[in-house]
Amino acid sequence: MTGLVPTLSSRISWRLNLLHKTTQYVTIRAFKALRIPSRPVLPPLSSAFPLNSSPPRLVSSYSNKSAAVQMQNPLSSDDNLVILGIETSCDDTAAAVVRSSGEILSQVVSSQADLLARYGGVAPKMAEQAHAQVIDQVVQEALDKAQLTEMDLTAVAVTIGPGLSLCLRVGVQKARKIAGRLNLPIVGVHHMEAHALVARLVEKKLQFPFLALLISVDDAIGEAYDKTAKWLGLDMRRSGGPAIEELAHEGDAEAVKFRVPMKQHKDCNFSYAGLKNQVRLEIEAQSINAEIPISSTSSEDRGARANIAASFQRVAVLHLEEKCQRAIEWALKIEPSVKYLVASGGVASNKFVRSRLNQVVERNALQLLCPPPSLCTDNGVMIAWTGVEHFRVGRYDPPPPANEPEDAQLDLRPRWPLGEEYAEGRSDARSMRKARIHQSLTSLIQASLLEQPKPTV
């Protein structure tokens, strides 16, 4: 990915979005004022249709007489909607049941920490197999903890992208089986949007528009934390973030003079490739052997590793601070009413990251909102809640066939951007592969709104 609001290329996975409505927003890379109807009808994200066809499109409830379909949503204000959310985009299998009132009825996560430790990161095929082994148990446990059955559900929400296609498939197939068997609507969810919207479940005062910094672990700062932790011989069963943060407390953050990445780029793009290379070279220069776990090293060696961890963390987060400051300045020029910055995603649970972000936000007279750590990392609650948000505005697909074959062609979106690039923030040096990138969620919404028939007088 290549920006504070990237389009899911391989380098960046941080997004700072200006959310105007559920999926009705512009990003820092696309800062254009969207003026949308008060009751938009959003395009569905079908989970099974031929690749050479277009997903079906919902037609506005105020469409003219020639419209073939009219979509009404009488339940939009109902606080008794019950949504099951399923998340399998990467390395954790998660499910949750959430009521539209905001009540979390259950939350279950099956971690793949042992696999992460064994392979030093996510191995897609192994992750897929792990998802397949536990998905039935995780979903059933979520229902049991909620003291509900499938018959009590209003709809099923599931992550369809972005993520690893092998992993996404497991969750989508499970969601479609349940929805097909019970004749339930199904909501396809954008994983990163869910990270942003879960803040509205936690904080009722959070209204649109607001800024959202989405901190993921896909080859960005989270991946940099993981690689650094692995090279330092740290325990990877909790992932690199907590391991680095803990060790950094013992070190001197000024001991190693790492360079802040992309200082010459006056935009909001991120890249941690250069910093990772600096860390690797420093580890080699100090002859640190990652094969020797830190628990077995001498005090001198442990001190050297702690200094590298602290220095890495300082520069990694400083890179974030600088880009965030620029993004906030741009956002406030366009939307002066913005009062909140939401930080979510895996690394947002890092206390050091939160404290530094809070300083940036306070300097700009904004407020920082972060979901609790359990809702920052990948979870089913954020998927279920995003399902609630979309269901309320009529964005959902009809029930899938009850007898859908196992080899049905599924709409999985491994590379699926949220928004468009803001012209002032575009980096000419950026190289991004566009092949196999699904049309951005924002583009789909904008196109749908333009295609809506005008209301008759």
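**Close-up 1. T88 and its surroundings.** T88 touches T93, H131, I135, C167, L168, V170 and G171, leaving out residues up to four places away in sequence; contact here means heavy atoms within 4.5 Å. This is a predicted model, in which local features need pLDDT of at least 70 and side-chain atom pairs count only at pLDDT 80 or more, while totals for chains, interfaces and linings use all residues. Residues are numbered from 1 along each chain as its sequence is written, and side-chain values use heavy atoms, with hydrogens and water left out. You will find T88 in the loop between β3 (82-87) and β4 (93-99). Helices (H or I, at least four residues) and strands (E, at least two) are DSSP runs, numbered from the N terminus. Is T88 buried or exposed? T88 is buried, with a relative accessible area of 1%; buried means under 20% relative accessible area, exposed over 50%, and partly exposed in between (1.4 Å probe, protein chains only). The side chain of T88 also reaches the backbone oxygen of C167 at 2.8 Å.

**Close-up 2. K174 in helix α3.** Look for K174 in helix α3. Its side chain makes a polar contact with the side chain of D136 (2.9 Å). A polar contact is a pair of N or O atoms within 3.5 Å; within protein, one must be able to donate a hydrogen and the other to accept it, and residues adjacent in sequence count only if both atoms are side-chain atoms. Apart from neighbours within four places in sequence, K174 is in contact with I86, I135, D136 and V139. With a relative accessible area of 15%, K174 is buried.

Close-up 3. The structure holds 19 salt bridges, each a side-chain nitrogen of Lys or Arg within 4 Å of a carboxyl oxygen of Asp or Glu. Side chains of opposite charge can pair when their charged atoms come close. In this view, the side chains of R181 and E150 meet at 2.8 Å, N to O. R181 lies in helix α3 (residues 165-182) and E150 in the loop between α2 (124-145) and β6 (155-161), so the pair ties together parts that are 31 residues apart in sequence. E150 counts as buried, at 17% relative accessibility.

**Close-up 4. The salt bridge of R200 and E389.** Here the side chains of R200 and E389 meet in a salt bridge (2.7 Å, N to O). Because R200 lies in helix α4 (residues 191-202) and E389 in helix α11 (residues 380-392), the pair ties together parts that are 189 residues apart in sequence. Both R200 and E389 are buried.

Close-up 5. K276 forms a salt bridge with E223, and the closest N and O atoms are 2.6 Å apart. This pair links distant parts of the chain, with K276 in helix α7 (residues 273-285) and E223 in helix α5, 53 residues apart. K276 is buried, with a relative accessible area of 13%, and E223 counts as buried at 14% relative accessibility. Which residues do salt bridges that share partners join into one network? They are E223, K227 and K276.

**Close-up 6. Helices α5 and α6 packed together.** Helix α5 (residues 221-231) and helix α6 (residues 240-248) pack at an angle of about 65 degrees, with their axes 8 Å apart. Axes are lines fitted to C-alpha atoms, for helices over the stretch in contact, and angles run from 0 to 180 degrees between N-to-C directions. Y225, D226, T228 and A229 of α5 make the contact with G240, G241 and I244 of α6.

Close-up 7. Most residues other than glycine have a negative phi, and most peptide bonds are trans. A cis peptide bond joins G161 and P162, with omega about -15 degrees, and P162 is found in the loop between β6 and α3. Another cis peptide bond joins F208 and P209, with omega about -5 degrees; P209 lies in the loop between α4 and β8 (210-215). Q147 has a positive phi, near 55 degrees. This residue lies in the loop between α2 and β6 and counts as exposed at 73% relative accessibility. Phi of S287 is positive too, near 55 degrees. S287 sits in the loop between α7 and α8 (299-334) and is exposed, with a relative accessible area of 60%.
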